[in-house]
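Please read this report beside the model. It starts at the ligand and then moves to selected residues.

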Amino acid sequence: MKFTLRTRLALLYGALVALTTGGFAVVAYYTVSNELYANLDASLVRAGSSLLAVIEREQDEAKQPLAPVKKNRRKESGEDVFAFLQRSSLRDFVGPIPVPDSVIDQPQDPVWTAVYEHVLLNSSTYLLQVRSPSGEVVWRSDNLLTDSLPRLESVLPMGPGSADRMTTWISIRGTSYRLTVVKDARAEVAAAYPVAEVDFMLRRLFSLLLYSIPFLIVVSIGAGWFLARRALRPVDHIAKAARRITAERLSERLPAPVSNDEIGRLTDILNDMIARLERSFEQVRQFTADASHELKTPLAILMGEIEVALRDPKINDDARITLESCLEEVVRLTHVVQGLLDLSRAESGQLQLEHKPVNITSMLDDLCEDIGILAERKSITVTSSIQRGLMVSGDSVRLHQAILNVLENALKYTNPSGSVDVKLYAEFSNVHLKVTDTGIGIEPHLLSKIYDRFYRVDQARSQDIQGTGLGLSIVRWIIEMHGGTITAESTVNVGTTFTITLPRSV
Ligand code: ADP
């Protein structure tokens, strides 16, 4: 599939936006995810460390040695070193809960301190558990029910004693938790928090990115297309102007650039190129005109002399045949030279056409009569239907030349016993002339070339038929100079119809 430059630029722009926003989304997602988990981890470490600090403070005040509580008898553990945990709620210990900086990685942030205190003191979702140094569970938050959080040594990847705290993932009753276990000489505190909230936030962020990125891409493709269209508009203008400049209109130039940017420079370069082309065309035109002019006289002399020689009854048959063949070639050459001279004069504007009323009806009557002789020789039937009294404005000599050429072609390219039909009629403000033959026809893809100079369809096919390949170039020029058109429709081995349309004058 071929895309315009505009579409390709827009798609490229969209692809770049997709790539950058996609990259940004991945980085943003992972940064936010890491940040959220890092904050949760820091909060868990603070919670555990704070509880250790409370235990230390309470035990120092009580000056009692450590002793474990019996399993499942948290409320009855009475006078042991952790008894204070059963006596009061956590809220009673605080004012505020001491936070030892030594065990916290990040500097104390008042916001996070407030957050974790809130969480710690309202621990409906927070799971907390205190073990004695020997590993006995001495206290756990009510929401843990009968479950226990694992010991530090069981979650340390390098084995017991390799660190005094660890953060990891655990699953309790089908719910995922982030768990931190901190330990010192007096106790081991485990704190866990469900990750559902973090996951919920991450899911929301994910859907936001998922829906906003395609939207952004669509918007950027639209914007890219619009920008490309604006940026390429001057190029469109140049292309349109350049298309108007044909070989016949090489004196025209592209509109002067408004700015000295890339487009301005491109316009300058193209204008320079057109100027060079114009000079070359002019030189070729001049050369053709000069050469044809120079050839005209010697050819005329040659033709005259051959004709004189042929009139001599003393020449033998062989010499006569040779002279006749020479005369044929000289006549052909004279036609070529005349055709070239006409075309070069026409292109350089030296050939001025008259603009007088021309009775095209009587012109066609005469022409049909003239070609009748040639048609008879080839046993070709000529039929005509000519509307009376049609007038056009123009040069009768040149119009005669053009129509005769088309009629002669119809006879030339039609085999003996074929037929040629001529129709002349008016339609709206135009006069149409249709010349239809039952000849050899032209392949449809070659129809546009027959007006090129020296172009003859299939040389092998036409070699027996005399011609220069210049006739239709001159015909088209004459018709166009009269504000008309010439078109052809053809089917090989069936026939061809040439239609000349001229503006009607009354
Ligand atoms: P030529 O002198 O060769 O006839 P033209 O310019 O008049 O040159 O025509 C160009 C070519 O177009 C011819 O060589 C011929 O191949 C083709 N052509 C023109 N008229 C007809 C026609 N009526 N039927 C078939 N081919 C035609």
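A polar contact is a pair of N or O atoms within 3.5 Å; within protein, one must be able to donate a hydrogen and the other to accept it, and residues adjacent in sequence count only if both atoms are side-chain atoms. The model is a predicted one, in which local features need pLDDT of at least 70, side-chain atom pairs count only at pLDDT 80 or more, and totals for chains, interfaces and linings use all residues. Residues are numbered from 1 along each chain as its sequence is written, and side-chain values use heavy atoms, with hydrogens and water left out.

**Ligand site**

| Protein residue | Protein atom | Ligand atom | Distance |
|---|---|---|---|
| Lys412 | polar side-chain atom | oxygen | 3.0 Å |
| Gly469 | backbone N or O | oxygen | 3.1 Å |

Taken alone, the ligand exposes 530 Å², and the protein buries 99% of that. Such areas come from the Shrake-Rupley method with a 1.4 Å probe; for residues, only the protein chains shown count as cover.

Helices (H or I, at least four residues) and strands (E, at least two) are DSSP runs, numbered from the N terminus.

**His432**

His432 sits in strand β10, which covers residues 430–437. Is His432 buried or exposed? It counts as buried because its relative accessibility is 12%. The cut-offs are under 20% relative accessible area for buried and over 50% for exposed, with partly exposed in between (1.4 Å probe, protein chains only). The side chains of His432 and Thr501 make a polar contact of 3.1 Å. Beyond four places in sequence, His432 is in contact (heavy atoms within 4.5 Å) with Lys423, Leu424, Tyr425, Glu427, Ile500 and Thr501.

**Two loop residues with positive phi**

Most residues other than glycine have a negative phi. Ser417 is not a glycine, yet has a positive phi of about 70°. Ser417 lies in the loop between α10 and β9 (419–427). Its relative accessibility is 62%, so Ser417 counts as exposed. Asn493 also has a positive phi, near 65°, and is a residue other than glycine. Its place is the loop between β11 (485–491) and β12. At 63% relative accessibility, Asn493 counts as exposed.

Gly48 belongs to helix α1, residues 5–62. Its relative accessible area is 0%, so Gly48 is buried. Gly48 touches Val182 and Val189, not counting residues up to four places away in sequence. Gly48 and Ala191 are 143 residues apart in sequence, but their C-alpha atoms are 5.9 Å apart.

Asp272 lies in helix α7, residues 262–311. It counts as partly exposed because its relative accessibility is 45%. From Asp272 to Arg253 the separation is 19 residues in sequence and 9.2 Å in space, C-alpha to C-alpha.

**Whole protein**

The protein has twelve helices and twelve strands. Of its 506 residues, 40% are buried. Among contacts between residues at least 6 apart in sequence, 65% join residues at least 24 apart. The accessible surface comes to about 29,000 Å², and carbon and sulfur atoms account for 58% of it.
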